Amino acid sequence: MGATVAVVRFPGTNCEFDVVEAVESLGGQAQIVFHDETSLGGADAVVVAGGFAHGDYLRPGAIARFSPVMAAVTEFAADGGPVVGICNGFQVLTEANLLPGALQKNAGLKFKCQMADLVVASSDSVLTSQAQVGDVLRIPINHFEGNYTCSPETLAELRGDDRIVVRYAENPNGSVDDIAGICNEGRNVVGLMPHPERACNELLGSVDGRVMLGSLLAAAGARV
Amino acid sequence: MIFDVTVEVRLRPGIADPQGATIERALPALGFDGVQDVKVGKSIRFTIDAESETAAFAEVEDLCHRFLTNPVIEDSVVTIAAGASA
């Protein structure tokens with residue numbers, strides 16, 4: 001039996017089945033968990049998938065963070081459980097204070113939908129443990145509000161604690177310090193704007209997402 | 001007492017405002033050459049039942065901080081007026 005990944009689905013989430021497909025292609029099991037559920041069903045890892053949770057009303061992630069399932073995700077994260085927020089999921093995790101900072105609208109005022117080269121900045125996270133620092137991963141991005149920002153103090157902390165997980169090789173959206181993804185102090189919660197689940201099949205032009213979701217499955221497996 | 005509340009949510013200085021920038025770029029074509037520094041925010045209106053204006057203000061400030069704004073990127077300006085709205 002492989003590890004089980006709970007894939008959180010809010011009204012408006014639209015990447016949950018891509019995550020399920022990618023996890024299963026890597027030998028893991030996946031189950032969709034709806035926003036109004038209070039339990040993660042004993043899952044060994046959580047992915048907060050991308051989309052437009054609650055229509056992005058008010059702000060991306062602002063309504064979603066109050067969903068019953070987020071209490072379970074917060075508890076799971078506090079217990080050291082691996083949690084990854086992808087794209088809109090990253091926005092949800094910042095709104096839920098599981099990760100610092102915020103995602104503002106892209107510099108250049110454009111929605112970005114393209115392949116991006118990500119440079120692994122830390123291999124000490126649940127999403128990059130099987131990668132090497134300096135590895136370049138080709139992973140698609142698809143967002144309008146992916147421009148990571150935070151206070152200078154938070155940025156200094158992220159840098160000092162090696163919590164910047166992946167950086168863009170060529171900054172597409174104006175993110176401070178080219179940040180594409182970060183992790184929490186415990187290194188078990190990771191948020192990133194790019195979509196590793198869309199880079200797990202050769203038909204999609206890249207399989208570089210496998211090392212990320214493979215890392216997550218390894219972290220999940222350690223909890224089975 | 002019922003108070004009418006208006007919360008204006010503004011992007012903090014330095015935060016990207018693509019809507020404001022796009023509006024500003026369109027203005028010269030319409031002949032509005034003197035309009036500058038366009039900023040787009042949100043106006044959220046509601047009523048609140050509270051014992052006093054001070055109490056209402058405190059509750060709205062808390063609401064702004066915890067939900068209506070993201071303090072990392074947004075500020076809010078709260079206006080409170082006594083009297084139920086129609």
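Let's start with contacts along chain B: counting those between residues at least 6 apart in sequence, 69% join residues at least 24 apart. Two residues are in contact here if their C-beta atoms, placed from the backbone, lie within 7 Å. Before I go on, this is a predicted model, where local features need pLDDT of at least 70, side-chain atom pairs count only at pLDDT 80 or more, and totals for chains, interfaces and linings use all residues. Residues are numbered from 1 along each chain as its sequence is written, with chains lettered from A and ligands numbered from 1 in the order in which they are written.

Staying with chain B, we have two helices and three strands, in the order β-α-β-α-β from the N terminus. Helices (H or I, at least four residues) and strands (E, at least two) are DSSP runs, numbered from the N terminus. The C-alpha atoms of chain B fill a box of roughly 50 × 30 × 15 Å along the principal axes.

How much of chain B is buried? Of its 86 residues, 12% are; buried means 20 or more other C-beta atoms within 10 Å of a residue's own, exposed means 12 or fewer, partly exposed is in between, and C-beta atoms are placed from the backbone.

Now over to chain A and strand β9, residues 164-168. Four of its five residues are buried, so β9(A) is largely enclosed by the rest of the structure. Strand β6 (residues 112-120) of chain A pairs with β9(A), antiparallel, over three bridges; pairing requires at least two DSSP bridges between two strands. There, A:Val120 has A:Val166 as its bridge partner. β9(A) also pairs antiparallel with β10(A), residues 179-183, over three bridges, and A:Arg167 stands opposite A:Ile179 in β10(A).
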